[in-house]
Amino acid sequence: MRATSVLLFLGPAPCSRYASLRTLHTTSRLSQSAPPTEPKVPITLIAQLRKTRPVPMQLARTALSSNNNDLQKALQWLESHSPSAKAEKLSSRTTSEGTIAISNLGGKRVSMIHLACETDFVARNEVFVGTAKGVAGTAAFLDVPGLTEEDRDKVKLLGQPREFPVDALLSAPLIGVSAEGSPSPNADGTTIQQALLSSLSSTGENLKLLRAISYAAPFPSNPVVRFVPGTYAHGGTGTEGRVGGLVVLSVKSRDEAKPMATLIHGPGGDKLDEGLNKLARDIARQVVGFPTKSIEKKAGVEEEETLLEQSFMMVGESDKVKDVLERWGEERGVRVTIVGMQRWSVGDDLTGGEEQVQA
């Protein structure tokens, strides 16, 4: 018993001592091999770099920290590591897939954009879809640049959506827009072109913003006529898909003594306004659901391609769109006319003069 007790007493001591030595040795080795901390990057230096090379803030920070805050070396590093360098390598690849994204801000401002990519797989990618929605939201929120007063008056009178120049949209700041239509500009001032380059880096595919249109209802509104835009997309998440449609309705009162301003702001006006927005969306859905080419009959366009002559799918095959509009308006004391219409598909042939603009 005594010998056993001595062994038990003496046994743990060497192990404990060796464990302590091992711990000390390991700690020393880890401390020697720990990587040096990266230099802190001053925000002023990031701003200086981005003036010379307008890249996303995080990429500018990485370029500087990877080159010990040497501005010239960071700029050289970006030549081979920036999204624009990657975009140049991918620029020759065909972009036959993509998405049509729409944005509707409270039934007052709407837009539709066509963002292309290489494969259907990326067209469903969250990053790509999110970028497309951001571009559409920006196009809806901003006014189309370069419109003259004559152009603006024509838009008010005719209710026509306007082409948003792609080059102007690419240089615009990306604006996040809530469902209520409130703008939320990004904190670092990222442009749409920079957002596309960032998306390109993430997806690894060539991206192109092919086309964009937008429409803003006149403000203040005309007391006699009310313009109501509507949008719809199919084949995606609801605000984007393979096919998109945009329409503009012109609405007037049937009673000259009660102009539209009186109807909208009088008893039941909210319900009428809500009904018009739903009707506009249903018409846009009709446009998407059929191979619609024109609003009214015209040479070279078949009846099933003419919007007013189509069977209104939201009601039934026996009712044409023009009959439904007449009946809907008569029940509410208004006259509804479709004055603007666009239908886009990812598969559209854009070789007939439609410029493809690289991100």
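Tutor: Glu205 sits in the loop between α11 (192-203) and β6 (208-216), where helices (H or I, at least four residues) and strands (E, at least two) are DSSP runs numbered from the N terminus. This is a predicted model, in which local features need pLDDT of at least 70 and side-chain atom pairs count only at pLDDT 80 or more, while totals for chains, interfaces and linings use all residues. Residues are numbered from 1 along each chain as its sequence is written, and side-chain values use heavy atoms, leaving out hydrogens and water.

Student: Why is Glu205 called buried?

Tutor: Its relative accessible area is 8%. Buried means under 20%, exposed over 50%, partly exposed in between (1.4 Å probe, protein chains only), so Glu205 counts as buried.

Student: What makes β7 and β9 a pair?

Tutor: Two strands pair if DSSP finds at least two bridges between them. β7 and β9 (residues 243-253) have 10 bridges, in the antiparallel sense, and Ala233 stands opposite Gly244 in β9.

Student: Why is one side of β7 and of β10 left without a neighbour in the sheet?

Tutor: The open sheet has 3 strands in the order β7-β9-β10, with antiparallel pairing. β7 (225-234) and β10 (334-345) are at the edges and each has a single partner strand, so one side of each has no neighbour in the sheet.

Student: How do you know that the buried residues of α3 line one face?

Tutor: In α3 (residues 43-52), Leu45, Ile46, Leu49 and Arg50 are buried. Seen down the axis, the buried residues fall within an arc of 135°, taken from the directions from the helix axis to the C-beta atoms; therefore they line one face of the helix. On the other side of α3, Thr44 and Lys51 are exposed.
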